[in-house]
Amino acid sequence: MSPRAAWRLESLGFSDVYDFVPGKAAWLAMGWTSEGELAGSLTAGKVARKDIPSARIGETVGDAHRRAAESGLDLCLVVNKAEIYMGRLRGRSLEADPTMPVEMAMEHGSSTVRPSEPLEGLVKRMTKHAVDSIVVSDLKGRLIGALLLPDAQQALDSLSG
Amino acid sequence: MPNEVGIDGIQRLIHAGAQLIEILPAREYSEEHLPGAINIPLKSLTEDSVSDLDRAQPTVVYCWDYQ
C-alpha cells in the first residue's frame with residue numbers, strides 16, 4: 001500500500017516523498033517508542049532486563065562466569081562486536097574450562113523474540129514449553145536484553161491486580 | 001519518483017523534521033503508530049486530506065510492513 005500512497009502524494013504536488021518500506025511492524029520490532037492505545041501495553045521489550053550479563057566473542061568462559069555470578073543469574077549472553085546476539089551460556093556451559101573462549105562453550109540457536117512481542121501470549125508459550133528465559137533482540141539481531149519468566153509473570157500480575 | 005527509506009534512514013528523516021503519514025485504517029492507527037504520525041488512510045489520500053501539510057517538506061508514508 002505504501003508505494004501507492006507515495007506515488008499518490010507526488011501526484012498531489014509533494015516534492016520530497018519517502019516510502020518507509022519496512023513499516024510500522026519493523027519500527028516496533030526495533031523497540032522504538034510509539035503512540036496510541038496499545039503503546040502502554042506490556043511487551044517483551046518493556047519487561048526484559050537490559051542489564052543482563054554479557055560477554056563478547058573472544059572473551060573467556062571465566063569472564064562470563066564471573067559476570068553471571070555477580071548478577072546472581074545463571075546466564076550470560078554472548079554478543080559480537082556489532083552487539084549482535086550470538087548465543088548464551090548457562091548451567092554447565094558456564095562451568096566449562098574458564099580459559100575457553102565463550103564461542104566454544106555457548107549454546108547456539110536459542111530462540112529470540114522482538115521487543116514488540118505482546119507479553120501475555122509470550123508468557124503462556126514460555127510456561128507451556130517450560131522456558132524460563134528468552135532473549136530479546138531487535139530487528140537487526142542486536143541484543144536488547146533477556147526476559148525472565150518470573151519478571152514477566154510479576155508484570156502481568158501487577159497489571160491485573 | 002518517491003524514495004524508499006529503511007530502518008537505517010527513518011530516524012534521520014524524522015529528526016530532520018519529516019512529516020509522517022500512516023495510511024492504515026483509523027482503527028489500526030489509534031491502536032499504535034509512530035510518534036508524531038498523522039493518519040490518512042490510503043483511500044482518503046486526496047487533495048483535501050493533505051491540504052494542511054507542507055508539500056515542500058520531506059514526507060514519509062508507511063503501512064504495516066512490506067505490503
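Start by selecting Glu103(A), which sits in helix H5 (residues 102–105) of chain A; helices here are DSSP runs of H or I with at least four residues, strands are E runs of at least two, and both are numbered from the N terminus. You are looking at a predicted model, where local features need pLDDT of at least 70, side-chain atom pairs count only at pLDDT 80 or more, and totals for chains, interfaces and linings use all residues. Residues are numbered from 1 along each chain as its sequence is written, with chains lettered from A and ligands numbered from 1 in the order in which they are written.

Then pick Leu89(A), 14 residues from Glu103(A) along the chain, with 9.2 Å between their C-alpha atoms.

Next, move to where the chains meet. Chain A brings 34 residues to the contact and chain B brings 33. On chain B, strand E1 (3–5), helix H1 (7–15), helix H2 (26–31) and strand E4 (59–62) each supply at least two residues of the side touching chain A. E4(B) gives the largest share, 4 residues.

Finish on strand E1 (residues 17–20) of chain A, which runs parallel to E4(B) and is joined to it by 3 bridges (strands pair if DSSP finds at least two bridges between them). Select Val17(A) and you will find Thr59(B) of E4(B) opposite.

Conventions: Contact = placed C-beta atoms within 7 Å.
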